[in-house]
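Please keep the sequence and the structure in view while reading.

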Amino acid sequence: MLFIIVHQASELWLKLCLHELTAARACIEADDLRPAFKMLARVARAQQQLIQSWDVLSTMTPHDYSAIRPYLGASSGFQSAQYRMMEFMLGGRDGQHIRLHKDNAGWAGDLEAECGRASLYDAAIRLLAKRGLAVDEAATTRDPTTSYVHNSSVEAAWAAIYRDPQDHWDLYELAEKLVDLEYHFQRWRFGHLKTVERIIGFKRGTGGTPGVPYLEGVLKQAFFPELLSVRTAI
């Protein structure tokens, strides 16, 4: 019952996150940041609920889990299309994951469509250029289906904003809202790792992943790399 409720509740919070992120991206693309800030703040609060869910699930002991493990089969967090969609919307895109949802109520098509459009971070970068900050064309016209690569001109643009927030206040606030998203997403990932470690140790995951080692690798993946590197740059 605990395992089922935690995962079903998480799917509901993810549904809210996707709803708000979709609207926030549209506002950023329209250079209408004030409503986007409220939406992104709401996502951050929902992410806190997702993070806290690990505290509840971590009360499951290895014995508890072993009782339900045979019934899970190959079920895995990989099967959460909403989690994958949230990753895609933030910019963490790997087209290989789409095939995992080919029989999942049309989600493969939705994920493929999302993979072909600008991510939330792409929209933010394009807005920097629209506002007159010097951003390389390669960063604003890149192929959204490919993995995002750190761009020095994007870092320099964020650095200009952080050095003089009074002249770029709404972009400064946008940067911090994005940092909040990344921060909470990484906390969620870390909570997942420690909960898995606590319950099953270093056994392989039900979906065939190496388990904890795989989750440790995911922790190194960043959505908004320049918003992290800019802290060193300034």
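The points below take up the cavity and then a helix pair. The model is predicted, and every value given here was computed from it.

**The cavity**

- By the counting rule used here, there is one cavity of 30 Å³ or more, and the largest cavity has a volume of about 60 Å³.
- The lining of the largest cavity is made up of Leu14, Gln47, Leu50, Tyr83, Met86, His184, Phe185 and Trp188, which divide into six nonpolar residues, two polar ones and no charged ones.
- At least two lining residues come from each of helix 2 (33-57), helix 4 (81-90) and helix 9 (169-200), and helix 9 gives the most, with three residues.

**Helix 8 and helix 11**

- Helix 8 (residues 152-163) and helix 11 (residues 225-233) have axes that come within 9 Å and cross at roughly 60 degrees, which means that helix 8 is oblique to helix 11.
- The crossing of helix 8 and helix 11 is right-handed.
- On the side of helix 8, the residues in contact are Val154, Glu155, Trp158, Ala159, Tyr162 and Arg163, while helix 11 meets them with Glu226, Leu227, Ser229, Val230, Arg231 and Ala233.

Methods
Residues numbered from 1 in each chain as written. Predicted model: local features only at pLDDT ≥ 70, side-chain atom pairs only at ≥ 80, totals over all residues. Heavy atoms only, no water. 1 Å grid on protein atoms, 1.4 Å probe; cavity = no way out; pocket = protein on both sides within 12 Å on 5 of 7 lines; lining within 4 Å. Points joined across faces, edges and corners; volume = space filled by probe spheres on them. Helix = DSSP H or I, 4+ residues; strand = E, 2+ residues; numbered from the N terminus. Nonpolar A, V, L, I, M, F, W, Y, C, P; charged D, E, K, R; others polar. Axes fitted to C-alpha atoms, helices over the stretch in contact; angles between N-to-C directions. Parallel < 35°, antiparallel > 145°, perpendicular 65-115°, else oblique. Left-handed = near helix turned anticlockwise from the far one by under 90°. Contact = heavy atoms within 4.5 Å.
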